[in-house]
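This briefing covers a predicted model of a protein chain.

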Amino acid sequence: MAPRKTLGIDPLAEKMGCTRSTVRQTIEELRGAMLVDLTSDGDARLMPVTEAEGKVLDELVELHRADRSLVVQVLAEFSLRRIRGMAARAFSDAFVLGKKSRKGDRNG
């Protein structure tokens, strides 16, 4: 996908062999990283990148073409790590936020 070319969610899902929801989620994450923007029509467009970033993106595309399952596996592992981290933070926050300070406590 060239920097000025746009693609809709349906063509992207078809081209990548993914569900529409996966493409939507990916686009939102790429928007957060300022790699993709959405047009007023809702199509995705790559943002301009530096030469070094372009090389990395080209390598990722080639890796996806050569071994798509490896790319999906790595991305799934990143997602699981992020989910585990969020769950751990929520668990620890439940103790910190739910704890009331008592007289004589070191934390209170």
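The protein chain exposes about 9000 Å², and carbon and sulfur atoms supply 58% of that area. Of its 108 residues, 11% count as buried. The secondary structure comes to four helices and three strands.

**Fold and contacts**

- Read from the N terminus on, the elements of the protein chain run β-α-α-β-β-α-α.
- Among contacts in the protein chain with a separation of 6 or more, 34% are accounted for by residues 24 or more positions apart.

**Nonpolar surface patch**

- Leu60, Leu63, Leu70, Val74, Leu75 and Phe78 make a nonpolar surface patch of about 510 Å².
- At least two residues of the nonpolar patch come from helix 3 (51-66), and at least two come from helix 4 (68-98).
- The most is given by helix 4, which contributes four residues to the nonpolar patch.

**Valine 74**

- Valine 74 is located in helix 4 and is one of the residues that make the nonpolar patch.

Conventions:
Residues are numbered from 1 along each chain as its sequence is written. This is a predicted model: local features need pLDDT of at least 70, side-chain atom pairs count only at pLDDT 80 or more; totals for chains, interfaces and linings use all residues. Side-chain values use heavy atoms; hydrogens and water are left out. Patches are made of residues with over 30% relative accessible area and no salt bridge: like charges are joined within 9 Å, nonpolar side chains (Val, Leu, Ile, Met, Phe, Trp, Tyr) within 5 Å. Accessible areas come from the Shrake-Rupley method with a 1.4 Å probe; for residues, only the protein chains shown count as cover. A salt bridge is a side-chain nitrogen of Lys or Arg within 4 Å of a carboxyl oxygen of Asp or Glu. Buried means under 20% relative accessible area, exposed over 50%, partly exposed in between (1.4 Å probe, protein chains only). Contact means heavy atoms within 4.5 Å.
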